[in-house]
Amino acid sequence: MSDGPPELETTSGPQIGRDEWVARAEERAAGPGSGLDRARRWLNRTPQIVLLVGFAAVVALVPVLTSDEYILRVATDTMLYVLLAVGLNVAVGWAGLLDLGYIAFYGFAAYLFAELASPHYGIHWPLWATLPIVIAGTILLGFLLALPSRRVSGDYLAIVTLFFGQIFVTLTIQGYKWDWLGFGAAHDITGGPTGLTQIDPWRIFGHELTQVRDYLWAALGGFVIVALALTFANHSRTGRAWRALRDDPLAAEVMSMPVKRMMLLAVAVGAGVAGLAGAINGAYYQGVFPSSFGFPTLITVYAMVILGGAGSLPGVVAGAVLVNVLLEVLRTPDHARWVFYVLIIAGLVAKIRPWRVLAALVGGLVAFGLVVNAIVGAVWPRGTAGPISTGVSAFTEHGWLAEALRHWLVLPKNTYELANYQVGNYAFVILIGLVLALTAVRGRRRYLLLVPTIWTAAFVWETRLVEEAPTTRPLLLGAILIVLMATRPQGLLGTPRVEIV
Amino acid sequence: MLAILGFAFYDWHYFFGQLVDGLTHGSLYALLALGYTMVYGILKLLNFAHGDVYMLGAYMGYVVLTGLGGSLAPEVPTPMLIILMFGAAMLGCALLGVVIERFAYRPLRKAPRIAPLISALGVSFFLQQTAVLLFRPIPKSYDTYSLHGGQLFHHVSLGNLRIQYAQILVIASAVGLMIALALLVWRTNIGKAMRATSYDLEAASMMGIDVDRVIAFTFFVGSALAGAAGVMTGLVYQNIQPYMGFGAGLKAFTAAVVGGIGSIPGAMLGGMIIGVAEQFTIGYLSSAFQDLITLSVLIVFMMFRPTGILGTPIPQKA
Amino acid sequence: MALLELTSVSKAFGGLLVIHDLDLHVGEGEIVSVIGPNGAGKTTLFNLITGIYPPDSGQIMLDGRSIVGLDPHEITNLGVARTFQSLRLFLNMTVKENVMAAQYGRTRARVWQSMLRTPFARREEKEIHKLAEERLAFFGERLMGYRWDQQAYSLSYANRRRLEIARATATRPRILLLDEPAAGMNPHETHEMTELIGRLRSEGGYTILVIEHDMHVVEGISDRVIALDYGEKIAEGSFEHVATNPRVVEAYLGSARLARK
């Protein structure tokens, strides 16, 4: 670090400390005064307990307001993700450690719960016994896994935990023929690829949790307890040590904090939360399956924490809700279309100034599509004969939006047949090239490039992505991580960090 | 060690076969490990996406193969075909690596240490899903058994020990690439710049070395090696699929750690060690344990020799 | 008996001998300055004492007890605290939190106690707050009031140096190691720092070992001065004695000549 120029400080008068240095730092911290930053400051000012009570009240009322099974299921899934995100935040957001075994902890807990409360071994222990065992076991696993990575930098922790995450899935898949290296008969521990099913429901004070809404409340209750405990921990010597180690591990060590032990503790506390979530998971889905605990789930939870703002509890909660709702919307092509086009238009309106440029851009966009459509239609009539595939309302075959899109995009007849995949493939590669080029050019060229980029995006969207949610959803998660890191690493509601000044 | 010697005497042919299989696999790990170790040496970045570049390399080779008529009836002579596949995959991956560095890592050069790691995670996942989108999740086969009457898989006999041509091809070209890399790093100006940058990035930039160019070049070379490894995988093991890069990447990174992260000879050595260790696990224990063995090796090294076999400890700056 | 005592300590990096056969002692209540040209091994000396790296040979005793081989946080808990020449604050934590964090080794609440807010944890937390405020108050108005809740990165350079000292004293040390406390300060602030170091001993009761380049500061505070060059002690004694020592003059002039070249 360089010795910055020595700053003079005004030593008297009421404006103490309002020196240029501070002003600049504040400016940096404030960033452009966007709505998000105002929201962040508002969230920081509001006592966490008020936010927590408010959030809990809203979620608790969901089952009262609706009995729609689908909404309740989405809400419960979301609450589970919220719980997971809050736990991951301990290692990632506070201690600044890349804990990539987190979902394996979650899976371990779910499987452990399943072993202790299902017909698999005929064990049906009560919740007051299984829950502490599951949580304690998961914490222990976290400890053990973080133990080997003794380098302060944390890179080794990332690789060991990632490796463990990978092996965990393999072991659960192969665990139905466990034979102790050939010493002993093959033995089914995990149920293999089909997992373990018929897991006992939770039973609290004699009341069996059988309804979806019961688990929504259970997850919410777990979240409230965890959020309170973690907030208290964050404002204790332990939490300060975590954040200190994130800022400067060496200084933290010299300032009396046992850095290696703090790393272990951060991973273990996170694992404990994953343990609770895992125990809920097993009972709620009444089954545990290897595929639920793989790399995609890990990326999902990371995207939630990073998008919301690592280090800020309200941020990661918001991130989890936002990402899960978004992923849910993508399942239905019709909803996905609305989100896609509304986001594009909203993005343009919000980002493009002045109005004249915006108008020119939209005009150019419309003209570009119509021209391309006309050219392709003249050369190859079948090329523009395709319908918008499925959907209801405005996007149906003769809905007005569908008609508009048909004349703007180039949708070949039988868009969704295998032979046409190739076209979508090329378009996808071209789209990525265009997006990358967009980040590299400035000024007027950027506007010029924006037109074909948006058109190609819409083309790829309609010919491939909208119908292939299982691929589109993870693609989106990967893109969220990359784009956020490059543009807004503090996430939507996180506080921007200063590394070296 | 003794146990392995015991196995060796017990059935020498089987042992030799396992060893050659292990070295074949190890060559692939070594090529991949080089990319990890070079990038880590310079940027201290765990490039999670490297394994997925390798995977896309395998697909690039596949695209060339099918584009030229497939294994059964290629439009060009077999050696030409194989050279074209290597060329396309190496060049394609090299460019891909440079693009990834330029757009996903370079903007984060001054960011908190965790930021490029998360970006790398995102890139890895994005590439994986791109492959799913472009090539479908079901495995594709190089089907090199049909190539040239399956001659790749015929055996050469050394006394009564047998090696497949394909294995010779892989081991020999891997060794050739490594020699080329060694010459590049130790004998050329850009190689000197790479070593200087990896020794001290800031000092190198003050000495007038264009650090951005050196880093881009490092990605170029490392990714080209990954592309070659991808094609080799297809040639020898036939099946390629979008998730193959993930596990291979983890093991290659382990190889880099075992050899000594940042050390180029270390990566080669580590790759061979991991390849052979895995093959012996498969051959003498059970394939269920190959990942566990590698993880155990990784953990043992981290705990007892974090600098690896050939690595040197880095003094902490205070 | 000396509070801190180094006996024939050596440290090399690669082939480079940075500290060579160094003997050094600091008595209870003393203020000792270490001077020497750049690269003389002064900061390495601090790193060896605080356990950031172990010495290759030699012994380091704190109050009659060997501290060689202990982790830095253990050494801090035995009563050694330091500041960094390059300033290593926890930039994204508030001013007050920086000082609170450094009390980790002096507090006992377990993480589960903090999570449950047990009476013990709450009591201890109150004490942490109190001590932090007390330590910050040591610097007059400079680190008080609204500054408590500002992030450390928003502080001016001089205030960062002050906060580092406040943070170091929050570990409740017996001996304070200050690495160039006046670097980058203007003459007025430098003068203030000189007074402050005196007050740290008289009011805080700390024994102080300080690295400093500013000879006015060294003259103003030191009971004893030690001059290092190429990792060896070349002079020791009162300021006048050391400042006029021909080897010291030679070392400084030599390095000045080198620098000009």
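This report describes selected structural features of chains A, B and C in a predicted model.

## The open sheet of chain C

Chain C contains an open sheet of 6 strands, arranged in the order β6-β7-β8-β3-β9-β10, with mixed pairing. The edges are formed by β6 (80-82) and β10 (232-237) of chain C; each has a single partner strand, so one side of each lacks a neighbour in the sheet. On average, neighbouring strands of this sheet are turned by 20 degrees against each other, with direction ignored.

Within the sheet, strand β3 (residues 31-35) of chain C runs parallel to strand β9 (residues 224-229) of chain C, and the two are paired over 4 bridges. Opposite C:V32 stands C:R224 in β9(C). Helix α1 (residues 42-49) of chain C packs on the sheet, where it touches β3, β6, β7 (175-179), β8 (207-211) and β9 of chain C. The direction of α1(C) makes about 150 degrees with that of β7(C).

## Contact between chains C and A

Between these two chains, 42 residues of chain C are in contact with 39 residues of chain A. On the side of chain C that touches chain A, two or more residues are given by each of α2 (72-77), α3 (95-101), α4 (111-116), α5 (119-137) and α6 (157-169) of chain C. Helix α2(C) provides the largest share, 4 residues. By residue type, the side of chain C that touches chain A divides into 19 nonpolar, 16 polar and 7 charged residues.

## Helix α17 of chain A

Helix α17 (residues 421-440) of chain A comprises 20 residues. The distance from its first C-alpha to its last is 29 Å, close to the 28 Å expected at 1.5 Å a residue.

The buried residues of α17(A) are A:G424, A:F428 and A:L431. Viewed down the axis of α17(A), these buried residues fall within an arc of 60 degrees, and therefore line one face of the helix. The buried residues of α17(A) pack against α18 (443-463) of chain A together with α5 of chain B. On the face of α17(A) turned away from the buried side are the exposed residues A:Q422, A:Y426 and A:A440.

A:L307 lies in helix α12 (residues 295-308) of chain A. This residue counts as buried because it has 27 C-beta neighbours inside 10 Å, and the threshold for burial is 20 or more. Leaving aside residues up to four places away in sequence, A:L307 touches A:G319, A:L322, A:V323, A:I480, A:L484, A:G491 and A:L492.

B:V132 belongs to helix α5 (residues 114-135) of chain B. With 19 C-beta neighbours inside 10 Å, B:V132 counts as partly exposed. Apart from residues up to four places away in sequence, B:V132 touches A:T471, B:P137 and B:P242. From the C-alpha atom of B:V132 to that of B:G67, 65 residues apart along the chain, the separation is 19 Å.

## A hairpin in chain B

Strand β2 (residues 155-158) of chain B and strand β3 (residues 161-164) of chain B are paired in the antiparallel sense over 4 bridges. B:V156 has B:I163 in β3(B) as its bridge partner. The hairpin formed by β2(B) and β3(B) has 2 residues between the strands, and B:G159 in this hairpin takes a positive phi near 60 degrees.

Most residues other than glycine have a negative phi. B:D143 has a positive phi, near 50 degrees, although the residue is not glycine. B:D143 is placed in the loop between β1 (140-141) and β2 of chain B. With 16 other C-beta atoms within 10 Å, B:D143 is partly exposed.

C:R172 is also a residue other than glycine with a positive phi, near 50 degrees. The position of C:R172 is in the loop between α6 and β7 of chain C. C:R172 counts as partly exposed because it has 18 C-beta neighbours inside 10 Å, a number between the limits of 12 or fewer for exposed and 20 or more for buried.

Conventions: Residues numbered from 1 in each chain as written. Chains lettered and ligands numbered in written order. Predicted model: local features only at pLDDT ≥ 70, side-chain atom pairs only at ≥ 80, totals over all residues. Contact = placed C-beta atoms within 7 Å. Pairing = 2+ DSSP bridges. Axes fitted to C-alpha atoms, helices over the stretch in contact; angles between N-to-C directions. Nonpolar A, V, L, I, M, F, W, Y, C, P; charged D, E, K, R; others polar. Expected span 1.5 Å × (residues − 1). Arc of directions from axis to C-beta.
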